[in-house]
Amino acid sequence: MMTGYWLVKSEPDAFSWDQQVANRVEPWTGVRNHMAKNNLKAMSKGDLAFFYHSNVGKQIVGIVEVAREAYPDPTAESGDWVCVDMKAVRPLPKPVTLVDIKADPSLADMALVRQSRLSVMPVSKPHWDKLCRMGGWKI
């Protein structure tokens, strides 16, 4: 089975990378956008995702792994919302900022650049590899 690659956003004042690391495995709850929900549903156990601090920082700070596939989001009061469990894998040695991403023409077609408000998005393997290199992680 092929590994899928994703980017998930969190506002660090609501839930930060440090909290993810401290909790080890954490449900990724609170997604209330249908496209992002469909992306959560498409994730498979073992897929990897960049952990992106939105609003404050605007940078990729770490990598998480899908530890449990989509299930009903316990924080949803109504609707067909789902969450996945994410497990902290490793921090990036050097955070990759949105400014750096936008400055690289080879990343111009990333969902992060094109659909900036989307909180859960796929990342292509070439973009994954490039961002890992930019963040100092030798893959």
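This is a predicted model: local features need pLDDT of at least 70, side-chain atom pairs count only at pLDDT 80 or more; totals for chains, interfaces and linings use all residues.
Reader: How many of the residues count as buried, and what share of the contacts joins residues at least 24 apart?

Author: Of the 139 residues, 45% count as buried. Among contacts between residues at least 6 apart in sequence, 68% join residues at least 24 apart.

Reader: How far apart are the mean positions of the positive and negative charges?

Author: The mean positions of the 18 positive and 15 negative charges are 5 Å apart.

Reader: Why is His53 called buried?

Author: A residue is buried when its relative accessible area is under 20%. His53 has 12%, and therefore counts as buried. The residue belongs to strand β3, which covers residues 48-53. Beyond its neighbours within four places in sequence, His53 is in contact with Ser10, Pro12, Ser16, Trp17, Lys58, Gln59 and Val61.

Reader: What makes the pair of His53 and Trp17 a polar contact?

Author: The cut-off for a pair of N or O atoms is 3.5 Å, and within protein one atom must be able to donate a hydrogen and the other to accept it. A polar atom of the His53 side chain lies 3.0 Å from the backbone nitrogen of Trp17. The distance of 3.0 Å is within the cut-off, so the pair meets the distance condition.

Reader: Which residues of helix α5 are buried, and what covers them?

Author: In α5, residues 125-134, the buried residues are His127, Trp128, Asp129, Leu131 and Cys132. Their cover includes β1 (5-10), β3, β4 (59-72), β5 (82-97) and α3 (98-103). In general, residues three or four places apart in an α-helix point the same way, because there are 3.6 residues a turn. After α5 comes Gly136, with a positive phi near 80 degrees.

Reader: Why is Asn55 called exposed, whereas Lys58 is called partly exposed?

Author: Asn55 stands at 51%, so it counts as exposed. Lys58 stands at 40%, and is therefore partly exposed. Asn55 is located in the loop between β3 and β4, and Lys58 is likewise found in that loop.

Reader: What is the phi of Asn55, and what is that of Lys58?

Author: Asn55 is not a glycine, yet its phi is positive, about 60 degrees. Lys58, also a residue other than glycine, has a positive phi near 45 degrees.

Reader: How do you know that Pro74 is exposed, and which residues does Pro74 touch?

Author: Its relative accessible area is 62%, which is over the 50% limit, so Pro74 is exposed. Pro74 sits in the loop between β4 and β5. Not counting residues up to four places away in sequence, Pro74 touches Thr29 and Cys83. Leu48 is 26 residues from Pro74 along the chain, and their C-alpha atoms are separated by 23 Å.

Technical notes. Residues are numbered from 1 along each chain as its sequence is written. Side-chain values use heavy atoms; hydrogens and water are left out. Buried means under 20% relative accessible area, exposed over 50%, partly exposed in between (1.4 Å probe, protein chains only). Contact means heavy atoms within 4.5 Å. Lys and Arg count as positive and Asp and Glu as negative; His and the chain ends are not counted. The place of a charge is taken as NZ of Lys, CZ of Arg, CG of Asp or CD of Glu. Helices (H or I, at least four residues) and strands (E, at least two) are DSSP runs, numbered from the N terminus.
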